[in-house]
Amino acid sequence: GINAEYGGDNNIEVSQMGDVMRAAGINPTNEQLQKSQDGIDKDHSKRIGFRRFLPVFETVKRELDAKNTTQQDYICGLSEFDRDVTGLLYTADLRANLIRRGEKLNDSEVTEMFKGLEDDKGMIRYKDLVAKLHETSKLLEMQQ
């Protein structure tokens, strides 16, 4: 059985974490695995149990879930602020939220983000904003 395959002591070697994560349905990057394994054991030869593995697994899963957030998820989130269901938001309100909440941005970052999207009434079509940000993030990933 699987227990005998992995040493018979209900533990796994740190080097086997990727296999176990994939078997559990997530696909960590090599960088995530390396970081996770190094955080436990630099030699990747130590054996760990479920209690030590689970928090590492949950951290990697959270990172992957955050990375896999879709454009539609962002559009859906922004639509909560669209009281009139027009597909538009006031840039002043959106700017204030981006500068003051969550991972705060500065004014020049927000100005750059909105460049070319704001209409003459001070409104922004949030689907266009999400599409622009998605394209920007894809370009940044390609440069890395």
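Start with the largest nonpolar core of this predicted model. That core holds 13 residues, and the ones touching the most other members are Met 17, Met 21, Ile 26, Ile 40, Ile 48 and Phe 53. Three helices, α2 (17–23), α3 (30–40) and α4 (50–67), each put in at least two residues. Which helix gives the largest share of this core? That would be α4, with five residues.

Ile 40 is a handy place to look around. Setting aside its neighbours within four places in sequence, Ile 40 is in contact with Val 14, Met 17, Lys 46, Ile 48, Arg 52 and Val 56.

Now for the backbone. Most residues other than glycine have a negative phi. Asn 10 has a positive one even though it is not a glycine, and Val 85, also a residue other than glycine, has a positive value too. Here are the two, with their places in the chain:

| Residue | Phi | Loop | Relative accessible area |
|---|---|---|---|
| Asn 10 | about 65° | between α1 (2–5) and β1 (12–13) | 61% |

Conventions: Residues are numbered from 1 along each chain as its sequence is written. This is a predicted model: local features need pLDDT of at least 70, side-chain atom pairs count only at pLDDT 80 or more; totals for chains, interfaces and linings use all residues. Side-chain values use heavy atoms; hydrogens and water are left out. Helices (H or I, at least four residues) and strands (E, at least two) are DSSP runs, numbered from the N terminus. Buried means under 20% relative accessible area, exposed over 50%, partly exposed in between (1.4 Å probe, protein chains only). A nonpolar core is a set of buried Ala, Val, Leu, Ile, Met, Phe, Trp, Tyr and Cys residues joined through side-chain atoms within 4.5 Å. Contact means heavy atoms within 4.5 Å.
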